[in-house]
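Dear colleague,

My notes on it follow directly after.

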Amino acid sequence: MPRLRGSEQSIGTWKRQFLESGRAGLAGKSGPSTREQQLEAQVADLTQALGEAAVELRVWKKSAEGRLGPSRTSR
């Protein structure tokens with residue numbers, strides 16, 4: 001198995017970053033990132049818009065059926 005080499009300084013930096021991230025996670029600071037929060041808000045907005053569009057489509061279909069009589073697909 002080949003051994004990877006890294007400078008002691010690099011390894012020390014990685015170790016420090018790893019330990020700091022672990023402490024932050026254990027302290028409860030590892031909630032959703034800002035990007036995750038933005039995406040969740042966007043999903044909520046799009047879900048609401050989709051629901052509103054579905055309701056409008058139903059209203060338009062019912063309105064069209066009332067003006068045109070029974071549709072062929074409703075038989």
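A nonpolar surface patch, as the term is used here, joins nonpolar side chains within 5 Å of one another, taken from residues with over 30% relative accessible area and no salt bridge. Please bear in mind that the model is a predicted one.

By that definition, Val55, Leu57, Val59 and Trp60 form a nonpolar surface patch of about 420 Å². Val55 lies in helix α2. With a relative accessible area of 46%, Val55 is partly exposed, and therefore passes the 30% cut-off for patch residues.

As to the overall fold, the chain contains two helices and zero strands. Helix α1 covers residues 8-26; its 19 residues reach 27 Å from the first C-alpha to the last, close to the 27 Å expected at 1.5 Å a residue. Gly28 follows α1 and has a positive phi, near 85 degrees.

Helix α2 runs over residues 34-68 and has 35 residues. From its first C-alpha to its last, α2 reaches 51 Å, close to the 51 Å expected at 1.5 Å a residue. Just after α2 comes Gly69, with a positive phi of about 85 degrees.

Which side chains meet in a salt bridge? The pair is Glu20 and Arg16, at 3.5 Å from N to O. A search of the whole structure finds one salt bridge. Glu20 and Arg16 are four residues apart in helix α1, and so are separated by about one helical turn. In general, an α-helix has 3.6 residues a turn, so residues three or four places apart point the same way. Side chains of opposite charge can pair when their charged atoms come close. Both partners are partly exposed: Glu20 has a relative accessible area of 40%, and Arg16 has one of 42%.

Finally, some totals for the chain. Of its 75 residues, buried residues make up 0%. The accessible surface comes to about 7600 Å², and carbon and sulfur atoms account for 57% of that surface.

With kind regards

Note on methods: Residues numbered from 1 in each chain as written. Predicted model: local features only at pLDDT ≥ 70, side-chain atom pairs only at ≥ 80, totals over all residues. Heavy atoms only, no water. Expected span 1.5 Å × (residues − 1). Salt bridge = Lys/Arg side-chain N within 4 Å of Asp/Glu carboxyl O. Buried < 20%, exposed > 50% of the residue type's maximum accessible area, 1.4 Å probe, protein only. Areas by Shrake-Rupley, 256 points an atom, 1.4 Å probe, with all protein chains shown as cover. Patch = residues over 30% accessible without salt bridge, like charges linked within 9 Å, V, L, I, M, F, W, Y side chains within 5 Å.
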